[in-house]
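Welcome! Please take a moment to look over the sequence and the model shown here, and then we can walk through some of its details together.

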Amino acid sequence: MLTFTSVTRRFGQRLAVDDASFHIDRPTFVGVIGRSGAGKSTLLRLVSRLTDATSGKIHFEGRDILTLQGADKRAWQGRCGMIFQQFNLVPRLDVATNVLHGLLSRRAVLPTLFNLWSEADVLTALSILDRLGIADQAAKRAEALSGGQQQRVAIARALMQDPGLILADEPIASLDPMNAKLVMDTLRRIHDEDGRMVIANLHTLDTARRYCDRVIGMRDGRVVFDGTPDLLTTQAARDIYGADASFNERATSTAIPALPDAAYAQAMPVP
Ligand SMILES: Nc1ncnc2c1ncn2[C@@H]1O[C@H](COP(=O)(O)OP(=O)(O)OP(=O)(O)O)[C@@H](O)[C@H]1O
Ligand SMILES: [Mg+2]
């Protein structure tokens, strides 16, 4: 389904991705782990064609995606539902409009600039929000929502694209543990119910173990681990994160980086 064949991405002297090869044969929930600078974001950006490879091939469902140009490339990018650490919503626009922006990848920009959404589009957006448990937030400005809610809006926006695969770059790195769980549960549910491939860069080993069917470990641009979570032994983690034990703190900690104060204030209460 998704195949990397000797993919390399070089930035000057730096090999961000170094001769990466792997094959994912069905819609799997894949976690990509590794230290800062290991090449995780570059790997996702290669798939979505936000950056070009220096050499190698990437095939998705038999198509060579690195050679796509113009309208074909844009169509491919429309099939990639992207989720980012910082949500990338339009803060002052309402939630429903943010979700409808998922259509921008497939539609002419001009009508959408004037908010000319069809009734069917609006109903689809609302039903996706309903599915993710945030339909009651549809009319609020995105900036008024908690981080976890905003990330679910971003997931709804990706679903509006009816994506062939979902690429999530550290989707929970800005969230407190409770919201992180909500967002990961949502991604996993979309995978389970819709059969969509999800590739998520994750900064904790715990999360990778808990949610993923398969884990790809990167170190200095190279794929140094590729297997099921049960194979992620302490030694395997050392190979990925280095023997200096930084993975103890970085990868197995359940502590998630601090949220901005405003986000804390808006975090949903613990049920
Ligand atoms: N546009 C760019 N120009 C120059 N160097 C880049 C660029 N993008 C990435 N790099 C370099 O490539 C390497 C891999 O970066 P990448 O962002 O993929 O790592 P990462 O694993 O996502 O790290 P993090 O966990 O910090 O997000 C790093 O050394 C980075 O400095
Ligand atoms: Mg990154």
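## A pair within helix H7

Asp192 and Arg188 sit four residues apart in helix H7, so about one helical turn separates them. An α-helix has 3.6 residues a turn, so residues three or four places apart point the same way. Here the two side chains form a salt bridge, with their closest N and O atoms 3.1 Å apart. Keep in mind as you look that this is a predicted model.

The two partners differ in their surroundings. Asp192 counts as partly exposed because its relative accessibility is 48%, between the 20% and 50% limits. Arg188 counts as buried because its 19% is under the 20% limit.

## Met184, also in helix H7

Helix H7 runs over residues 177-194, and Met184 is found in it. Is Met184 buried or exposed? With a relative accessible area of 1%, Met184 is buried.

Which residues does Met184 touch, leaving aside its neighbours within four places in sequence? They are Phe29, Pro171, Ile172, Leu202, Thr207 and Tyr211.

## Salt bridges between strands

Side chains of opposite charge can pair when their charged atoms come close. How many salt bridges does the model have? The count comes to 15.

One of them joins the side chains of Asp18 and Arg222, at 3.0 Å from N to O. This pair links distant parts of the chain: Asp18 belongs to strand E2 (residues 14-24) and Arg222 to strand E10 (residues 222-227), 204 residues apart. Asp18 is buried, with a relative accessible area of 16%, while Arg222 is partly exposed at 39% relative accessibility.

Strand E10 takes part in another pairing too. Asp226 forms a salt bridge with Arg214, and their closest N and O atoms are 2.7 Å apart. Asp226 lies in strand E10 and Arg214 in strand E9 (residues 214-219), so the bridge ties together parts that are twelve residues apart in sequence. Asp226 is partly exposed, with a relative accessible area of 36%, whereas Arg214 is buried at 16% relative accessibility.

Some charged residues join up in a group. Arg131, Asp162, Arg189, Glu193, Asp194 and Arg196 are linked in a network of salt bridges.

Helix H6 itself covers residues 147-160, 14 residues in total. From its first C-alpha to its last it reaches 20 Å, close to the 20 Å expected at 1.5 Å a residue. Why can helix H6 be called largely enclosed by the rest of the structure? The reason is that 14 of its 14 residues are buried.

## Ser48, in a loop

To finish, find the loop between helix H1 (40-47) and strand E4 (55-60), where Ser48 has its place. Ser48 is buried, with a relative accessible area of 3%.

What surrounds Ser48, once its neighbours within four places in sequence are left aside? Ser48 is in contact with Trp76, Gln77, Cys80, Met82 and Leu167.

Technical notes: Residues numbered from 1 in each chain as written. Chains lettered and ligands numbered in written order. Predicted model: local features only at pLDDT ≥ 70, side-chain atom pairs only at ≥ 80, totals over all residues. Heavy atoms only, no water. Helix = DSSP H or I, 4+ residues; strand = E, 2+ residues; numbered from the N terminus. Buried < 20%, exposed > 50% of the residue type's maximum accessible area, 1.4 Å probe, protein only. Contact = heavy atoms within 4.5 Å. Salt bridge = Lys/Arg side-chain N within 4 Å of Asp/Glu carboxyl O. Expected span 1.5 Å × (residues − 1).
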